[in-house]
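Dear colleague,

Please find below the structure I wished to pass on to you, followed by a summary of what was found in it. I would be grateful if you read the two side by side.

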Amino acid sequence: MESLQLLIDGFAAALTPVNLLYALVGVTLGTLVGVLPGIGPAMTVALLLPITFTVPSTSAFIMFAGIYYGGMYGGSTTSILLNTPGESSSMITALEGNKMARRGRAAQALATAAIGSFVAGTLATGLLVVAAPAVVAFAISFGPEDYFALAILAFTAVSSVLSRSIVRGLASLGLGLTIGLVGIDQQTGQARLTLGIPQLLDGIDVVIVAVGLFALGEALYVASRLRHATPEVVPVGRAWMGRADWRRSWRPWLRGTALGFPFGALPGGGAEIPTFLSYAAEKRLARGVAKEEYGNGAIEGVAGPEAANNASAAGTLVPLLTLGLPTSATAAILLAAFQQYGLQPGPQLFDHNPALVWGMIASLFIGNTMLLVLNLPLAPLWARVLRIPRPYLYAGIVLFAALGVYALNGTIVDLFVLFVLGLLGYAMRRFGLPVAPAVIGMILGPMAEIQLRRALAIGAGDVTVLVRSPIAAVLLVLAALALLTPLFRKLMAKRRSVTPVG
Amino acid sequence: MRLRIFAALAALSLGALTACGGQSGTSASGTLRIMAPASPGGGWDQTSRTAEQAFKSAAPDRKVEVFNVPGAGGTIGLAQLAGEKGNGNLLMTMGLVMVGAIEQNKSKVTLADTTPIAKLTEEYEIVVVPAESPYKTLADLTAAWKANPAKVSIAGGSAGGTDHIVAGLMAKAAGVDPKQVNYIAHSGGGEALNALLGNKVSAGISGVGEFAEHVKSGKLRGIGVTSGERLEGLDVPTLKEGGLDVELANWRGFVAPGGLSDADKKTLTDLVTKMHDSQAWKDAVAKNGWIDSFQTGQQFADYLTSEQTRVKGIIAEMGLVS
């Protein structure tokens with residue numbers, strides 16, 4: 001097999017002591033920026049682009065790959081320990097991960113996230129080697145109507161599993177949708193809900209919303225209760241994953257990979273949607289202990305989304321390498337890095353520059369392994385963060401949240417927005433509204449809107465374009481099933497209980 | 001500079017590895033700061049950072065640093081620049097897109113509040129159709145457009161950006177009401193490219209560099225470029241050859257804050273001229289496929305005024321200003 005030989009050559013080029021050092025620097029930096037809210041891998045790679053003038057291509061890509069995967073992983077650490085996602089794609093991890101941490105299973109949650117990230121990253125990189133052309137054909141065939149259907153499916157899948165009370169879930173979702181409207185409307189260029197503040201013209205960054213509602217809201221809520229309740233002592237618990245944890249994790253890892261990889265390859269997919277879908281799927285599939293634990297810290301709810309998150313990072317590289325089509329901010333900057341080395345990514349990249357492409361793919365494997373080596377031993381250590389007395393811990397969170405958000409655009413307006421959202425997050429907790437649907441609405445809402453309008457514009461106003469594509473039709477049927485199955489089941493249960501009487 | 005702490009951290013950890021040497025050195029005139037009024041990675045950022053390298057080779061005794069002020073088509077950065085009145089150590093990278101954004105966002109600060117320094121580069125735009133498209137030439141597309149503007153969907157970058165302006169100018173030249181253009185805005189050339197490769201839209205407009213590879217490989221058909229003459233190495237006719245009298249360059253250049261003394265203005269212009277004449281800049285221009293279109297002084301100021309009039313007109317005709 002030719003590509004296997006090329007991959008081995010890639011490894012030969014990549015595996016030198018200096019390159020391993022670059023990989024180490026990359027994953028360390030990546031993990032750091034992942035932990036800090038607001039600073040993401042895209043920005044980090046962009047700032048490091050100038051090194052492409054002095055460093056050979058393989059070394060640079062090894063480091064960039066390390067940063068990319070490291071960032072994806074690092075975000076989960078704070079999600080799990082502090083209910084403070086560093087990136088929007090690790091938001092879902094906080095739902096079950098933080099509950100696990102509070103029950104003294106922080107180390108297990110961190111370990112399943114680290115191993116899941118490794119498994120998913122490695123498998124997805126493998127898929128990149130063998131399946132790139134097929135996946136890219138699928139990704140290209142996705143039109144606006146299909147994206148719209150996908151957003152609808154994500155909405156229904158998530159909203160049906162996220163909240164115990166439908167009204168509260170919908171209220172939170174509505175808040176998120178409204179926040180998503182702020183800024184210039186992409187299709188017409190008109191400003192919406194910007195209150196005349198120019199800094200709001202580009203909309204509110206999803207990171208600010210996630211950090212404000214989750215981190216700041218959480219800190220304020222904890223602060224408001226400090227005097228009322230005796231501080232709950234969080235047990236640090238056992239250090240490693242037990243046999244049961246392994247048994248419960250491996251299937252979610254694989255399912256998360258299967259969801260994350262193709263979605264990463266979709267130009268409009270992003271890393272968030274597969275994490276939502278993975279969470280929803282694991283919750284649906286949960287049986288026995290898992291079913292009881294779901295909502296209270298089920299390991300499946302960490303393993304699946306984390307795998308999906310990392311697999312989507314590898315998926316992103318499919319359109320980048322085969323078409324020169326960047327589908328995420330980080331990919332766009334990797335594209336710029338390619339250009340620095342004087343090559344035009346595009347259909348012929350694999351043929352014209354095999355050494356670079358395969359060196360990069362090999363470096364992904366190396367970066368991924370390095371990440372596991374770095375993070376797994378650290379999991380029990382990280383878990384000890386929870387021993388820090390709460391006033392200090394949450395003061396630190398507020399500081400880092402503000403720092404990260406300020407670093408995003410360097411504007412004071414973002415800090416004001418952050419604090420307003422923090423107060424909103426506090427109020428939502430106080431009155432029992434779940435915060436996750438708000439962030440989901442803010443991510444999915446604009447996507448659903450823009451794709452719907454694009455589809456209708458291309459179809460010159462004909463509504464049937466929305467269902468004429470087979471992909472869209474299938475996705476919409478799935479969405480209808482997700483919505484109707486619980487109702488149907490309830491109806492059946494009622495009838496069954498009624499029949500004997502009647 | 002945003003992320004200074006982080007950048008310092010990154011630089012620290014890399015310093016040991018790259019061994020590219022420390023950059024120190026003080027100068028009587030202080031650090032020259034270049035503002036890229038956009039996020040890292042975009043066109044203005046790339047121009048700024050390329051210029052930074054060229055400045056360093058052309059004037060090694062002068063310290064140069066790039067910082068980003070992203071947001072609202074560059075108008076956030078523009079407002080910040082206006083607040084630095086009289087500062088002779090500050091340049092802002094800008095271009096055609098900013099001219100449009102000022103109109104569209106009804107920015108209070110305009111280019112009248114700045115001191116034009118130099119135009120640096122130009123990039124032309126290209127109009128393409130999917131390989132499977134029934135339109136073989138620009139004339140085919142124009143005919144269909146005239147018959148039913150709503151049926152011809154045109155993909156490109158953000159609403160009111162360069163691609164959209166080209167679509168508006170083409171419509172006007174073809175005798176189609178610019179308001180009727182069925183423009184499908186995307187967040188960038190990459191996303192628009194996807195719509196074209198998937199044959200979801202009738203046509204697409206973007207920078208030549210963005211689509212050239214795909215035109216050469218036959219996945220897209222180039223039916224017109226916005227330059228005056230055909231471009232070297234790309235077998236695509238100009239819009240004029242195809243019957244639409246449209247010529248447009250997506251240009252980029254430097255402006256400085258307003259209220260600059262003549263001496264400061266001369267120093268900056270000389271420094272930028274020196275940068276432009278350096279080999280490092282010439283190499284970078286060639287590598288990035290830019291077209292060198294260096295202009296300074298009154299020439300550039302006049303060019304800026306004429307571009308403002310043109311963009312303002314077409315944006316109003318397209319109904320993009322409420």
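The secondary structure of chain A in this predicted model consists of 23 helices and 2 strands. The radius of gyration of this chain is 23 Å, close to the 23 Å that the globule rule gives for 502 residues, so chain A is as compact as a globular protein of that length.

Turning to the interior, buried residues account for 59% of the 502 residues in chain A. Of the contacts in chain A with a separation of 6 or more, 81% are between residues 24 or more positions apart.

The largest nonpolar core holds 271 residues, and A:A154 and A:V439 touch the most other members. Helix α6 (residues 106-140) of chain A gives the most to this core, namely 20 residues. The core also reaches into chain B, from which it draws at least three residues from each of domain 1 (4-121 + 251-317) and domain 2 (123-225). As general background, nonpolar side chains in soluble globular proteins tend to be buried together.

Which residues does A:V439 touch, leaving aside those up to four places away in sequence? They are A:S88, A:M91, A:G176, A:V209, A:A210 and A:L213.

As to confidence, the pLDDT of chain A averages 81, and 90% of its residues score at least 70. Within chain A, helix α20 (residues 412-430) has the highest confidence, at a mean of 92, whereas helix α16 (residues 349-352) has the lowest, at a mean of 69.

Chain B is divided by its domain assignment into domain 1 (4-121 + 251-317) and domain 2 (123-225). Where the two domains of chain B meet, 13 residues of domain 1 are in contact with 10 residues of domain 2. On the side of domain 1 that touches domain 2, α4 (96-104) and α11 (297-317) of chain B each supply at least two residues. Helix α4 of chain B gives the most to that side, with 5 residues. By class, the side of domain 1 of chain B that touches domain 2 comprises 8 nonpolar, 4 polar and 1 charged residues.

With kind regards

How values were computed:
Residues are numbered from 1 along each chain as its sequence is written. Chains are lettered from A and ligands numbered from 1 in the order in which they are written. This is a predicted model: local features need pLDDT of at least 70, side-chain atom pairs count only at pLDDT 80 or more; totals for chains, interfaces and linings use all residues. Helices (H or I, at least four residues) and strands (E, at least two) are DSSP runs, numbered from the N terminus. The radius of gyration is taken over C-alpha atoms; the globule rule is 2.2 Å times the number of residues to the power 0.38. A residue is buried if 20 or more other C-beta atoms lie within 10 Å of its own, exposed if 12 or fewer, and partly exposed in between; C-beta atoms are placed from the backbone. Two residues are in contact if their C-beta atoms, placed from the backbone, lie within 7 Å. A nonpolar core is a set of buried Ala, Val, Leu, Ile, Met, Phe, Trp, Tyr and Cys residues joined through C-beta atoms within 7 Å. Domain bounds come from an automatic or database domain assignment. pLDDT is the predictor's confidence in each residue, from 0 to 100. Ala, Val, Leu, Ile, Met, Phe, Trp, Tyr, Cys and Pro count as nonpolar, Asp, Glu, Lys and Arg as charged, and the others, Gly among them, as polar.
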